[in-house]
Amino acid sequence: MSAIFNFQSLLTVVLLLICTCAYLRAIAPSLLDRHKTGVLGTFWKCARIGERKSPYVAVCCVVMAFSILFLT
């Protein structure tokens with residue numbers, strides 16, 4: 001089953017996208033700052049969410065990991 005049809009997998013993919021974009025922006029800010037609009041602007045927006053809401057994203061990652069490891 002693909003990640004689109006499974007809600008838990010979709011949330012995992014979104015969390016990984018947010019964490020990856022925030023990490024890439026921390027390493028190479030110019031890579032994502034060039035594209036603030038359009039389709040590639042989605043990655044910039046994910047990086048901003050990861051930076052500004054980092055405690056909440058971290059808690060969501062821990063909860064998702066616990067859920068994947070112990071509940072499924």
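Student: Which helix is Gly50 found in?
Tutor: Gly50 is found in helix α3. Keep in mind that this is a predicted model.

Student: Is Gly50 buried or exposed?
Tutor: Gly50 counts as buried because its relative accessibility is 11%, and the cut-off for buried is under 20%.

Student: What is Gly50 in contact with, neighbours within four places in sequence aside?
Tutor: With those neighbours left aside, Gly50 is in contact with Ile18, Ala22 and Val57.

Student: And how far is Gly50 from Cys19, C-alpha to C-alpha?
Tutor: The distance is 6.0 Å in space, and Gly50 and Cys19 are 31 residues apart in sequence.

Student: Back up a bit. How many helices and strands are there?
Tutor: The protein has four helices and zero strands. From the N terminus on, the order is α-α-α-α.

Student: Where is the confidence lowest and where is it highest?
Tutor: Among the helices, α2 (residues 29–33) has the lowest mean, 85, and α3 (residues 41–52) has the highest, 91. For the protein, the average pLDDT is 87, and 94% of the residues score at least 70.

Student: New topic: the surface. Which residues make the nonpolar patch?
Tutor: Phe7, Leu10, Leu11 and Val14 make a nonpolar surface patch of about 350 Å². One of them, Leu11, sits in helix α1 (residues 7–27).

Student: What does UniProt list for residues 54–71?
Tutor: The unreviewed UniProt entry lists residues 54–71 as "transmembrane region". In the model, this span is 100% helix and 0% strand, with its end C-alpha atoms 25 Å apart.

Student: Take Leu69 in helix α4. Buried or exposed?
Tutor: Leu69 is exposed, because its relative accessible area is 61%. Its C-alpha atom is separated by 22 Å from that of Ser54, 15 residues apart along the chain.

Student: Last one: what box do the C-alpha atoms fill?
Tutor: Taken along the principal axes, roughly 40 × 25 × 15 Å.

How values were computed. Residues are numbered from 1 along each chain as its sequence is written. This is a predicted model: local features need pLDDT of at least 70, side-chain atom pairs count only at pLDDT 80 or more; totals for chains, interfaces and linings use all residues. Side-chain values use heavy atoms; hydrogens and water are left out. UniProt positions are given in the numbering used here, feature names are shortened, and annotations may be inferred rather than shown by experiment. Helices (H or I, at least four residues) and strands (E, at least two) are DSSP runs, numbered from the N terminus. pLDDT is the predictor's confidence in each residue, from 0 to 100. Patches are made of residues with over 30% relative accessible area and no salt bridge: like charges are joined within 9 Å, nonpolar side chains (Val, Leu, Ile, Met, Phe, Trp, Tyr) within 5 Å. Accessible areas come from the Shrake-Rupley method with a 1.4 Å probe; for residues, only the protein chains shown count as cover. A salt bridge is a side-chain nitrogen of Lys or Arg within 4 Å of a carboxyl oxygen of Asp or Glu. Buried means under 20% relative accessible area, exposed over 50%, partly exposed in between (1.4 Å probe, protein chains only). Contact means heavy atoms within 4.5 Å.
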